[in-house]
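Open the model in your viewer and keep the selection panel at hand. This tour goes stop by stop, saying what to select and what is there.

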Amino acid sequence: MTFKFVTMAALVALPIGAMAEQVFTPERGTNLRSELMNTARPYAESVFGAPVEFVVHDLLVQGDHAYAWLTAQRPGGGQIDLTRAPAAKDIMFGVNDHTDINVFYERSGAGWQVYDWAAFATDVWWQRKDICAGWGDLLDYGCN
């Protein structure tokens with residue numbers, strides 16, 4: 001009985017943030033990293049055409065939320081010809097002619113799902129209450 005009391009007292013003494021799950025980046029070659037990249041791939045291919053692979057700038061996971069800032073490229077590092085991409089008509093060349101995508105993921109019983117995403121972003125489009133509430137701890141920028 002004393003052990004339970006000490007354990008409970010120790011938990012109460014912890015700052016609330018100490019009980020939050022840690023933010024981490026899945027290592028290359030892990031199943032989690034592969035699952036997140038494979039979940040984002042159809043979205044990127046709908047904009048840039050298939051096949052794509054990613055250069056990962058940020059990949060952050062905390063509990064059931066994840067965020068990725070990725071640059072799409074052709075396998076082996078080939079550059080994507082944006083003039084031939086499915087979304088070519090939507091590209092403002094000279095302004096957003098890059099192949100970056102931002103992805104917000106949410107884990108459910110079926111695995112990881114894309115909650116929201118954008119290609120060609122030139123601003124902090126995710127400064128919304130819903131995203132900041134769920135993913136704000138993952139972002140060093142954009143949520144106050």
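Start with a trio. Select Asp116, Arg128 and Asp130: a network of salt bridges links these residues. Keep in mind that this is a predicted model.

**Stop 1: inside the network**

Show the side chains of Asp116 and Arg128. They form a salt bridge, and their closest N and O atoms are 2.7 Å apart. This pair links distant parts of the chain: Asp116 sits in strand β4, while Arg128 sits in the loop between β4 and α3 (129-135). Twelve residues separate the two.

**Stop 2**

Select the strands next. Four of them form an open sheet, in the order β1-β2-β3-β4, with antiparallel pairing. Colour β1 (53-62) and β4 (111-119): these are the edge strands, and each pairs on one side only. On average, neighbouring strands of this sheet are turned by 20° against each other, direction ignored.

Strands of a sheet pair through backbone hydrogen bonds, either parallel or antiparallel.

Zoom in on β1 and β2. How many bridges join β1 to β2? There are nine, and the two strands run antiparallel. Strand β2 covers residues 65-73.

**Stop 3**

Select residues 31-48. This is helix α2, which lies across β1, β2, β3 (100-108) and β4. Helix α2 runs at about 40° to β4.

**Stop 4: another salt bridge**

Select Arg107 and Asp64. Their side chains meet in a salt bridge, 3.0 Å from N to O. What does this pair tie together? Arg107 lies in strand β3 and Asp64 in the loop between β1 and β2, so the pair joins parts that are 43 residues apart in sequence.

Check the accessibility of both ends. Arg107 counts as partly exposed, because its relative accessibility is 37%. Asp64 has 42% relative accessibility, so Asp64 counts as partly exposed too.

**Last look**

Zoom out to the whole structure. A search of it finds four salt bridges.

How values were computed. Residues numbered from 1 in each chain as written. Predicted model: local features only at pLDDT ≥ 70, side-chain atom pairs only at ≥ 80, totals over all residues. Heavy atoms only, no water. Pairing = 2+ DSSP bridges. Helix = DSSP H or I, 4+ residues; strand = E, 2+ residues; numbered from the N terminus. Axes fitted to C-alpha atoms, helices over the stretch in contact; angles between N-to-C directions. Contact = heavy atoms within 4.5 Å. Buried < 20%, exposed > 50% of the residue type's maximum accessible area, 1.4 Å probe, protein only.
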